[in-house]
Amino acid sequence: MYDVAVIGGGIAGCMAALAAARCGADVILIERYGFLGGTLTACGTGPMMTFHAGDIQAVQGISGELIERLKRKGLSPGHIFDTTGYTYSVTPFSAEGMKLELEAMMAEAGVTLLYHSIVCDAEFDAGRLRAVEIYSKNGKRRIGAKMFVDASGDCDLSVLAGLPFTKGRETDGKCQPLTMNFKLTKVDTERVREYIMSNNDEFPRLKGDLKKVTRACRLSIGGYVKTLQNAQRDGRITFDREDILFFETNIPGEFIVNTTRVINADPTLPEDLTRAEIEGRKQAWEVYDLLKDSAPGFERAELEFTGPFIGIRSSRQIKGSYTLTAEDIVGCREFDDTIARGGYPIDIHAPEGKDNAMYEKTKLSLEYGDMYSIPYRALITDGADNIITAGRSISATFEAQAAIRVSPIAGATGHAAGAAAGLCALTGVSVHELDTVQLQETLKAQGAFLG
Ligand SMILES: Cc1cc2nc3c(=O)[nH]c(=O)nc-3n(C[C@H](O)[C@H](O)[C@H](O)COP(=O)(O)OP(=O)(O)OC[C@H]3O[C@@H](n4cnc5c(N)ncnc54)[C@H](O)[C@@H]3O)c2cc1C
């Protein structure tokens, strides 16, 4: 029996566990794999983008602290200029370093970690979750808690408890495509920069401002559009994508390639996920072979890594007491119960797999420096007194989720969910009775930026 049980050790779950423990709660974090960081450390996803809204650091708090700790150890260069033109800043990091640092932070805060345990059932009765059932190699076990944070990414707890949820796009239930990120080592970054500087037409995202690629100590770039089109025409690349997108990690010459695209897969069905893993890996090798043969600087590159699971951008969302909308995001709507802020734009990878809707749909775009708010009510549901959801599966429309899904903001909602769970557990109130001013004060005391 714990004060707070956090389900899922992704960035949201980690921030939640730390925040709850720092409130004084006795916390357990249950994770199906054997490490922390979730999508960030498992799927070769990164850099974290973005902590900023214009010149203001919109996400601070425990996620910001994590980056400072990584920086001090040489495991992240910190927040640097985004040379892709997607957003303001990107934050590269060492995935292995992040796993280690998160575990150190858990130990310091006194969080109990339980790896290799998948939550497979929920004892939910009269609006309260009494316990979760976990499955591990030695069978099933029950873990009770006063409060639960669902940071599973797919809102597994709400589903197991029989609470309402949505999945994918409102019109047809389709989710954003899945992507098998992979890591390349031994890339000659300077030769890649030189190629970009002399091949403007291959990199339309730069809009002619080629000097951008020299403005950061790590290179992030989307391009090679002609190379990719030719390869698609020749059948070397068998999937639709407009450009090749890659990001240098904390280690110079090591790149995350975020380019594969698997469509028509439901990320909550094992059959679809199996097909997606196989198709994604095949696509990853197609891109690797293409870069090695055709892109100066990649001649000696090695495909080092694909993760233990394919990247899922969106799946299920809780039906919260409030549902965040695209209008709230682009209108920068203020809420009395704001618990996190963000500046990352609505970035939809279309379920059909054609173009990425982020740039062209002006009705959904943010102005420079726009900073939106996320209300506490998007983390809770009317039907449950002691469940708080965090990360990419909070209550949001398909469009709004495409903004708040990125890791700094998932970390910020995790921080808020954990602080709320800690306060509820220690004062004995339900998620609906929690004083949101007290929550905001607690978050500020823990370093969060609420504007
Ligand atoms: C291809 C791709 C590229 C991306 N690129 C970027 C990027 O460049 N920058 C950026 O900031 N963001 C990016 N994102 C988004 C971002 O990485 C994720 O949305 C974010 O990290 C989600 O964090 P989370 O903690 O909410 O969920 P997750 O990271 O999904 O964590 C959920 C955790 O819960 C565990 N879990 C799930 N179910 C159970 C269960 N039943 N029992 C026990 N444990 C369970 C999982 O193992 C996992 O560790 C990308 C995402 C994808 C898919």
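Author: One term to start with: a residue is buried if 20 or more other C-beta atoms lie within 10 Å of its own. Also, this is a predicted model.
Reader: Okay. Is valine 132 buried or exposed, and why?
Author: Valine 132 is buried, because 26 other C-beta atoms lie within 10 Å.
Reader: Where does valine 132 lie?
Author: In strand β9, residues 128–136.
Reader: And what does valine 132 touch?
Author: Leaving out residues up to four places away in sequence, valine 132 touches Ala5, Ile7, Val119, Asp121, Ala122, Ile143 and Phe148.
Reader: What about glutamate 123? Which strand is that in?
Author: Glutamate 123 sits in strand β8. It counts as partly exposed, because it has 14 C-beta neighbours inside 10 Å. Again leaving out residues up to four places away, glutamate 123 touches Leu129, Arg130 and Ala131.
Reader: Switching to the ligand. How many residues surround it?
Author: 38 residues surround the ligand. The closest are Gly8, Gly10, Gly38, Gly311 and Gly391.
Reader: Which elements supply at least two residues of that shell?
Author: α1 (11–22), α2 (39–42), β8 (118–125) and α11 (407–427) each do.
Reader: What's the shell like by class?
Author: It has 16 nonpolar, 16 polar and six charged residues.
Reader: New topic: sheets. What order do the strands of the five-strand open sheet come in?
Author: The order is β13-β14-β15-β12-β16, with antiparallel pairing. The edge strands are β13 (220–223) and β16, and each pairs on one side only. The twist averages 25° from one strand to the next.
Reader: How many bridges join β13 to β14?
Author: Four, and the two strands run antiparallel. Serine 220 stands opposite phenylalanine 247 in β14.
Reader: Which strands does α8 lie across?
Author: α8 lies across β12, β14, β15 and β16, and runs at about 160° to β16.
Reader: Which residues in α8 are buried?
Author: Ala276, Glu279, Gly280, Gln283, Ala284, Val287, Leu290 and Leu291. The buried residues of α8 pack against β12 (182–185), α7 (225–234), β14 (244–248), β15 (255–257) and β16 (302–306).
Reader: Last one. What should the 25 residues of helix α8 span?
Author: At 1.5 Å a residue, they should span 36 Å. The end C-alpha atoms of α8 (residues 270–294) are 36 Å apart, so that agrees.

Methods. Residues numbered from 1 in each chain as written. Predicted model: local features only at pLDDT ≥ 70, side-chain atom pairs only at ≥ 80, totals over all residues. Near = placed C-beta within 6 Å. Nonpolar A, V, L, I, M, F, W, Y, C, P; charged D, E, K, R; others polar. Buried ≥ 20, exposed ≤ 12 C-beta atoms within 10 Å, placed from the backbone. Contact = placed C-beta atoms within 7 Å. Expected span 1.5 Å × (residues − 1). Pairing = 2+ DSSP bridges. Axes fitted to C-alpha atoms, helices over the stretch in contact; angles between N-to-C directions.
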